[in-house]
Amino acid sequence: MMARWGAFLRGINLGKRQMKMADLKACLETAGFEAVKTVLASGNVLVTAEGSEAEIRQRLETAIADQFDFKVGVVLRSDVQLQAMLAQNPFVALDPFADLTRHVLLFERPLPAKLHIEDRPGDTEILRVDMRELYIAAYKQPNGRYTEHVEDVLKPLYAVLDKGNLDTMRNWNTIEKILK
């Protein structure tokens, strides 16, 4: 059965790992994906395809590696999963006037059960931890940066995370845009 998927590519358009979204779209269409739509220039793609999540991920990763000559990890979410993320938006409780950025860290595989991460209120706050997502509010710091302390807050997570669990972070605005 054909299904719609959001594919989030990890680590592209950094250093020598460059790809134009028009080239990515053409690559995926040639690989047999349908209704391919890129969103922004940071490796966010909507595709329609038949198969399991693992099969689609493998097809995407293989097509991209063959076309661009470097490996790219892909984190997938079905259309249904993306709709549920939007419907359960954990950011609605935040002060609408606060100077912050909203992010979601997407994981390929489930996170450890009963995961607790100490956040820094007013700096880097963990708003919710789902089975494969972690929602983060990063407040503007005196130096003008927002996400400066995210890595420090997440260190304990990476210490207990399975080594092969691929992740990628997206601004919440991207998640909102991907289904429009």
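Lys 25 is partly exposed, with a relative accessible area of 31%, a class that lies between buried (under 20% relative accessible area) and exposed (over 50%), judged with a 1.4 Å probe on protein chains only. The side chain of Lys 25 meets that of Glu 29 in a salt bridge, with N and O 2.6 Å apart, where a salt bridge is a side-chain nitrogen of Lys or Arg within 4 Å of a carboxyl oxygen of Asp or Glu. Glu 29 is likewise partly exposed, at 38% relative accessibility. Both residues belong to helix 1 (residues 21–30) and stand 4 residues apart, about one turn of the helix; helices (H or I, at least four residues) and strands (E, at least two) are DSSP runs numbered from the N terminus.

The model is predicted, and local features need pLDDT of at least 70, side-chain atom pairs count only at pLDDT 80 or more, while totals for chains, interfaces and linings use all residues. Residues are numbered from 1 along each chain as its sequence is written, and side-chain values use heavy atoms, with hydrogens and water left out.

**Salt bridges**

Side chains of opposite charge can pair when their charged atoms come close.

| Pair | N to O distance |
|---|---|
| Glu 29 and Lys 25 | 2.6 Å |
| Arg 132 and Glu 53 | 2.9 Å |
| Asp 99 and Lys 140 | 3.9 Å |

The side chains of Arg 132 and Glu 53 form one of these bridges. Arg 132 sits in the loop between strand 6 (124–129) and strand 7 (133–139), and Glu 53 in helix 2 (residues 53–68), so the pair ties together parts that are 79 residues apart in sequence. Arg 132 is buried, with a relative accessible area of 10%, and a network of salt bridges links Glu 53, Arg 57, Glu 108 and Arg 132.

Asp 99 and Lys 140 form another salt bridge. This pair links distant parts of the chain, 41 residues apart, with Asp 99 in the loop between helix 3 (79–87) and strand 5 (100–107) and Lys 140 in the loop between strand 7 and helix 4. Asp 99 counts as partly exposed at 40% relative accessibility, and Lys 140 is partly exposed at 43%.

**Met 21 in helix 1**

Helix 1 also holds Met 21, which counts as buried at 12% relative accessibility. Leaving aside neighbours within four places in sequence, Met 21 is in contact (heavy atoms within 4.5 Å) with Ile 12, Asn 13, Thr 38, Leu 40, Ala 41 and Gly 43.

Thr 168 is found in strand 8 and is buried, with a relative accessible area of 6%. Residues up to four places away in sequence not counted, Thr 168 touches Phe 8, Leu 9, Arg 10, Val 75, Val 104, Leu 105 and Leu 106.

The largest pocket is lined by 19 residues, and Arg 10, Leu 105, Asp 167, Thr 168 and Met 169 are those that lie nearest its centre. On a 1 Å grid over the protein atoms alone, a pocket is an open set of points where a 1.4 Å probe fits, with protein on both sides within 12 Å along at least five of seven lines, and lining residues have an atom within 4 Å of a point. Helix 4 (150–160) and strand 8 (167–171) each supply at least two residues of this lining.
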